[in-house]
Amino acid sequence: MNMNKAFFLKTANRDPRWHVIDAAGKVVGRLATEIADKLRGKDEVFFTPHIDSGDYVVVVNAEKIVFTGDKMSDKEYVWYTGFMGGQKKATPLEKLRKDPEFIIRHAVKGMLPKNILADAQIKKLKIYVGSEHPHKAQVLGFVA
């Protein structure tokens, strides 16, 4: 290898792998950091910032995540519907009952870069409630 040249991964040369992460009992922020690093490819030696060089991530048991401290009841997710007086709020406890995938996806999306690659990277995140997922064939041989 020529040491006078910088290495840049080409899109054609990337070989994405599949990782299964069990979210049961894991803290949301730490889990989101681990997932974001795998989606971006920062856990690999050939990380290239301008190429989508990350892997696919399958998260199971999304309903069993935990927050530290009193965040489960004190934290608020706020969004606006577009109508007058349409500001909505929900605690993580309410979101966990209704849509447990939202909490993980929201945390990971906030940790991805704000550029065009983030759309492609978040599509490689698959989140499931329970321990079953339909990606057993892809994951075979790539257990993290």
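This is a predicted model: local features need pLDDT of at least 70, side-chain atom pairs count only at pLDDT 80 or more; totals for chains, interfaces and linings use all residues.

Residues are numbered from 1 along each chain as its sequence is written, and side-chain values use heavy atoms, with hydrogens and water left out.

**Exercise 1. The whole chain**

Find how many helices and strands the chain has, and in what order they run.

Solution. Step one: helices (H or I, at least four residues) and strands (E, at least two) are DSSP runs, numbered from the N terminus. Step two: counting them gives 6 helices and 5 strands. Step three: starting at the N terminus, the order reads β-α-β-α-β-β-α-α-α-β-α. Step four: for the overall dimensions, a box along the principal axes that holds the C-alpha atoms comes to roughly 60 × 35 × 25 Å.

**Exercise 2. Inside and outside**

Work out what share of the 144 residues counts as buried.

Solution. Step one: buried means under 20% relative accessible area, exposed over 50%, and partly exposed in between (1.4 Å probe, protein chains only). Step two: by that cut-off, 36% of the 144 residues are buried. Arg97 counts as exposed because its relative accessibility is 65%. Step four: Arg97 and Glu63 are 34 residues apart in sequence, while their C-alpha atoms are 8.0 Å apart in space.

**Exercise 3. Salt bridges**

Count the salt bridges and describe three of them.

Solution. Step one: side chains of opposite charge can pair when their charged atoms come close. A salt bridge here is a side-chain nitrogen of Lys or Arg within 4 Å of a carboxyl oxygen of Asp or Glu. Step two: this rule gives 5 salt bridges. Step three: one of them joins Asp52 and Lys124, with the closest N and O atoms 2.7 Å apart. Asp52 sits in the loop between helix 1 and strand 2 and Lys124 in the loop between helix 5 (117-122) and strand 5 (125-127), so this pair ties together parts 72 residues apart in sequence. Both Asp52 and Lys124 are buried. Step four: Glu44 pairs with Arg17 at 4.0 Å between the closest N and O atoms. These two are 27 residues apart, with Glu44 in the loop between helix 1 (28-40) and strand 2, and Arg17 in the segment before strand 1 (18-22). Step five: Asp43 and Lys38 also form a salt bridge, at 3.5 Å from N to O. Asp43 is partly exposed, because its relative accessible area is 36%, whereas Lys38 is buried at 13%.

**Exercise 4. A closer look at Asn61**

Describe the backbone angle phi of Asn61 and the surroundings of this residue.

Solution. Step one: most residues other than glycine have a negative phi. Asn61 is not a glycine, yet it has a positive phi of about 60°. Step two: Asn61 is located in the loop between strand 2 (56-60) and helix 2 (71-74). Step three: Asn61 counts as buried because its relative accessible area is 8%. Step four: contact means heavy atoms within 4.5 Å. Leaving out residues up to four places away in sequence, Asn61 touches Asp22, Ala23, Ala24, Tyr128, Gly130 and Ser131. Step five: a polar atom of the Asn61 side chain lies 3.4 Å from the backbone nitrogen of Ser131.

Conventions
A polar contact is a pair of N or O atoms within 3.5 Å; within protein, one must be able to donate a hydrogen and the other to accept it, and residues adjacent in sequence count only if both atoms are side-chain atoms.
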